[in-house]
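Hello,

Below is the structure you asked to have handed over. My notes on its charged pairs and nonpolar cores follow it.

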Amino acid sequence: MRLVDTRKLSQLQNNPKNIRNICIVAHVDHGKTTLADSLISSNGIISQRMSGKLRYMDSRPDEQERGITMKSSSIALYHAANEEEYLVNLIDSPGHIDFSSEVSTAVRLCDGAIVVVDVVEGVCPQTRLALKQAYSENIRAVLVLNKIDRLILEMQLTPLDAYVHLSQVLEQVNAVMGELFSTEVFENENTNIEKQKEHPPVQEDKDYYDWTSALEDADDSTLYFSPEQGNVVFASAIDGWGFTIHTFAKLFSAKLGIKEDLLRKVLWGDFYLNTKTKRVMKGAQEKAKKPLFVQVILDNLWSIYETIVSRNEKEKVSIMCEKLGIKLTARDLRHTDKRVQLQSLMMQWIPLSQTILNMVCEKLPSPKEIISDKVEKLMCSGIGDFEALHPEAQKLKKDFLDCDSSDDKPIIIFISKMFGVDKSVLPENKPKSLTEEEMATRREKARQLREQQKLNNTSVEPVPIVEQRKEDINENIDEKAEDNKELDDIEQPAFIAFARIFSGKVKRGDKVYVLGPKHDPSKVLSIKDLKIDFDNKLKDLNSDEHITYAEIKSLYILMGRDLESIDEAIAGNIVGIGGLEEHVLKTATLSNTIACPAFSELQYAAVPILRVAVEPTVPSQLSQLVKGLKLLNQSDSCVQVLLQETGEHVLVTAGEVHLERCLEDLKKQYAKIPISVSEPIVPFRETIVEPPKIDMANEEIDSQNIDSKKEEDPIITVYTNNKQSGIKIRAKPLPNEITALLDKSTDLLKAISQHIKKLQSISKKEELETKLEGLYLNGTKHKLSDRMLKLIQVFEDELQSICTKLGPEWKDFVGQIWSAGPRNCGSNLLLNHTTDYNTKFIHHDKEIKDDPRFEYEGSFVNGFQLATLAGPLCDEPMMGVAFCVEEWTLDKNEVDDSSQTFGPLSGQIMSAVKDGCRKAFQAQPQRIMAAMYSCDIVVDQKVLGKLYAALGRRGGRVIASDLQGGSASFRVRALLPVAESFKFALELRTHTSGLAAPQLLFSHWEVVDIDPFWRPRTEEEYLQWGEKWDGVNRAKAYVDSVRVRKGLATDKQLVQHAEKQRTLSKKK
Amino acid sequence: MSKIFTPTNQIRLTNVAIVRLKKSGKRFEIACYRNKVLSWRNKLEQDIDEVLQTHTVFSNVSKGQVAKKEDLVKIFGKDDSTEICKEILEKGELQVSDKERHSQIESLMKDIATTVADKCVNPETKRPYPVSIIEKAMKDVHFSVNVNKSAKQQALDVIQLLKKEIPLERAQMRVRILLTGKEARKTKDKVVKLAMSVEEETWDSGTANIICLIDPGNFRTLDEMIRTETKGSGQFELLNLKEMVEGEQTL
């Protein structure tokens, strides 16, 4: 039975001081949804008994089946504490790494977070991530140490050991917080120092340098979790109990004869009770006494668990209940499952939901108390500064802080995601249940009608009734027609915006601006008499317009699976907004002023890496698929949908579980057609390495005479088709340091190349004579911003320092860089080793003589770009390869007759360079690079061996495996090639009977150190493997799989061994 | 007492694929393994022993008649039977084995699908279809491959069939036509009739400059027409072989 109805909730909504917007974050399987369950059960939405089993917030069937949460969803709860009534908007978030984008969307809307930690497993990677996310969004957090029952029943710790264990876990969590805090402080320090440098003479008296680190000044007292502050709950969500130190302080102050305030301070920590003097003393550990926490709290808990669960002493239960002042129903007492008995006892004694909701209301801030830091962070995206914002936008900061809902305040709403629901779920489309009054009036009417009939019965024929029926039928027909019309609509899912109101008050029917995520107020405000077409939808917008105008068609309170329709909502609330499908793609800001900046972009931890091609099983249904993909893209913040040049539709997801969910959605909800999915498209990179010094049999190569043909010349000479131009190219591997640096500075390289293109287009337009002047002018006209120049300088310095370390071979490296590829920003370089042609990339200035070659430089570089985009092994991009151009000759004087037959010279040069690069690449030992997942698994030691076997089979490698403190489980960190990772989770689950669940996250590219074309060459190798080696070459297998997928030729034969074919003719 | 016939000096060949070569009126045969000859011809198989059952040259394999030595020397001009076998392998007519035929048909099918995907676009998106969808659609219209017809020819046939199954259109060519002289206007009308759509048309002192999209099938007729009508003064220039959207695109 619901205790609170919608009217009460919407009434509570109007008091932002008593609203708490919180989310639950944790590692996967640490009990978020179970905790949410018990909070929900306190409102009577689900039964107490079912809490923990029902997982109310997991409304999708696949969530229920798999037992993991896949989306964040919100529910509004009512709570009364300290004679105040609170509204708690609780958001449950998924813990699996694939759905970390959903966590980001949840955290963004909240003011506070409940961090749940499994005391047995301790701090896990997702916990770390969750804490980081909460910290970077400036959210206050409280800690729940969950699953304490496992300490008692599973690990069988003594209360004292458990206390030590608990304090260790707490320390772990605080260590993470401390780390986050100190990194931020140091970052701030750096920027502050820079700022001080910029305006040095502001404070004249500060002529001495302040050597104290900012860390010492910064206040971190509120940061940490400590039980005596009351922001730590000890709980077991599955058994429905939880407590803070304060709970027990209250319970025991009378018993121990110690004041509650004092007890709060000493209940956690190194204190013990001196029984003789009845005083609390410090130094329990030293004197080998039981700390107060153990004596007062844990001992009691342990004894309850032991009595009921371990020893199952029925008689004692009723005595215990009496002591605790709890009344158990006869049914509970008779229950055969002792766990149920325990649950009902504990739930009454120290109920989890009360404890947590009390703490939330007390410790976490209300929307009114939003911090100005957070506002600034929200308002400026990326690396922008708050001061750089338009002044009108800066004014809005005050409105954020006020969180006021008076009519004159601007409306500011942030939408963090869109989620699809069936139209039938919407309150408008639900069959309305009748209220009591309505029922009463109907009854009354019916009675009157009957009486009338009785009266009329004798005299008049019952015409009116028939007439009425007729009318009814007519109405029905009308309704049916309408239904049919609506049926089409209902087929399509409705999208509800998951939104938080930061300022102002919205009513249904309000009209607001919808500002896209790229909206920049300063740009728009600077345009005078800006016109916004009020009928525009998202699809009508040009690429540089980000504003539409929309009507808020409906407002909802989010109630987990259900939505409750409301008419208006004020600042500080989390609401659902309907009718914005055509205006919002994934995120947006709603406001009634266009000065409002777009909220900073959400930061995602998981990079989408898993690609699959999808196509309809029936080819003619392609259009439905496209429509479905568009809807999917809108509803999921982390998914990417691409239409490739080949016409394939590619779905990019964060991981396997995410992919499965997307496909499920696509099939069931959005496209509603059968879909066939390709094998995952795994990315590879191609690279070259230094020629190996030792062969596969671990013998030195130099000492043996290799009988293969003599070393190929590494310098490749290519000519254009008409022999006009000749190019000499050599390929060499780039050292790892340089590759890493190039990878890091992708954005910078892109910016530089864009700048160069601009320069080129200018120089093309002007005549040759003015070209020179024009380029000098470029110095001023098209100068890069100071920041860019500085970044380039830093990049150059770093490069230089790496090169000097590497030795004389790389001495002039920096000056030689001509271009980076592919797409002008990759980790391959074109180096200019020619003596007579000058070009510079980084300094982007060119000495233009009357060199005919200058004209063709663009196509030369393009040839290089094409070659690096698709390598010779399997058409995958190259990585970490340098192509040195040793010579480039161009004979301009030749008659142009011949060039006619081969097309324009620029095209020829391009293809010649591309060819040359590929050949030069092939002249070196080629290798394939595989994308690697870093894989984090917490596993019980019983199945550790099976885990290692599964990893080994898939070419994975274990980096570290530590015994988790105090438990029997290991934390294993391993690297696993992405190509081998499919169905890994499934295999692991089946082999370890569900005890290990991997968390995969893309980490880096790694060279597969096997020559794809390897065959025995040296004497030693012949000795070991013979002339023909027919084992499995992993690198070759990767290359072939990609080639088959792309439809390239492979050297696979129809029949491998001629003799081993089946003998068809039997007659002899 | 019946005699048991036990051939001791006979080698029985099983799973034979015969390659024949007629040269100077004589017939020569070699015995090869099934499914291996084509991969030898495609240079995929390097090991001759995996192809030949025996290095002997026969005049009739099934009867076990070995070719005469003097014939070999006279006709091939060498007496190294392995070399002669290699020549026969290269030039002779062969009996295509089951798996080979299978893969031949399959690759032809794939070839046709690739050609179709290459030539056609989805008119709604102006992008090509993936080969796999074309293949699926070909299966749906029950198209069967004819081994004796070229892939291109069959591709053109199948396009007509596929149009009933999925929205499909030939990718259009973009051409520029320059017309000068008195006849310009008249020719232009004819040209426009053949073109699918005219993108740009400018007149500059009696010279018409037309950029239009045409169906690739009309290319030759247009070329012919312009050459004859304008007597060589008109120009016909191909700008873009396929009119389609390029690059990856996010939905």
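A:R339 and A:D239 form a salt bridge, with 3.2 Å between the closest N and O atoms; the term stands for a side-chain nitrogen of Lys or Arg within 4 Å of a carboxyl oxygen of Asp or Glu. The two residues are 100 apart and link distant parts of the chain: A:R339 is in helix α14 (residues 338–349) of chain A, A:D239 in the loop between β6 (232–236) and β7 (241–243) of chain A. Helices (H or I, at least four residues) and strands (E, at least two) are DSSP runs, numbered from the N terminus. A:D239 is buried at a relative accessible area of 0%, while A:R339, at 26%, is partly exposed. Buried means under 20% relative accessible area, exposed over 50%, and partly exposed in between (1.4 Å probe, protein chains only).

On conventions: this is a predicted model, where local features need pLDDT of at least 70 and side-chain atom pairs count only at pLDDT 80 or more, while totals for chains, interfaces and linings use all residues. Residues are numbered from 1 along each chain as its sequence is written, chains are lettered from A and ligands numbered from 1 in the order in which they are written, and side-chain values use heavy atoms, with hydrogens and water left out.

Over all chains, the structure holds 40 salt bridges. Two others join strands:

- A:E886 pairs with A:R730, the closest N and O atoms being 3.2 Å apart. A:E886 belongs to strand β29 (residues 881–890) and A:R730 to strand β26 (residues 725–733), both of chain A, so the bridge ties together parts 156 residues apart in sequence. A:E886 is partly exposed at 24%, as is A:R730 at 23%.
- A:E1006 pairs with A:R957, at 2.9 Å between the closest N and O atoms. Strand β33 (residues 999–1008) of chain A holds A:E1006 and strand β31 (residues 957–963) of chain A holds A:R957, so parts 49 residues apart in sequence are tied together. A:E1006 is buried at 19%; A:R957 is partly exposed at 40%.

Salt bridges with shared partners also connect A:R60, A:D62, A:D636, A:R661 and A:D665 in one network.

As for the nonpolar cores (buried Ala, Val, Leu, Ile, Met, Phe, Trp, Tyr and Cys residues joined through side-chain atoms within 4.5 Å), the largest has 137 residues, of which A:I114, A:I577, A:L651 and B:I112 touch the most other members. Strand β30 (residues 926–940) of chain A gives this core its largest share, eight residues. A second, separate core has 102 residues, among them A:W349 and A:F414.

Regards
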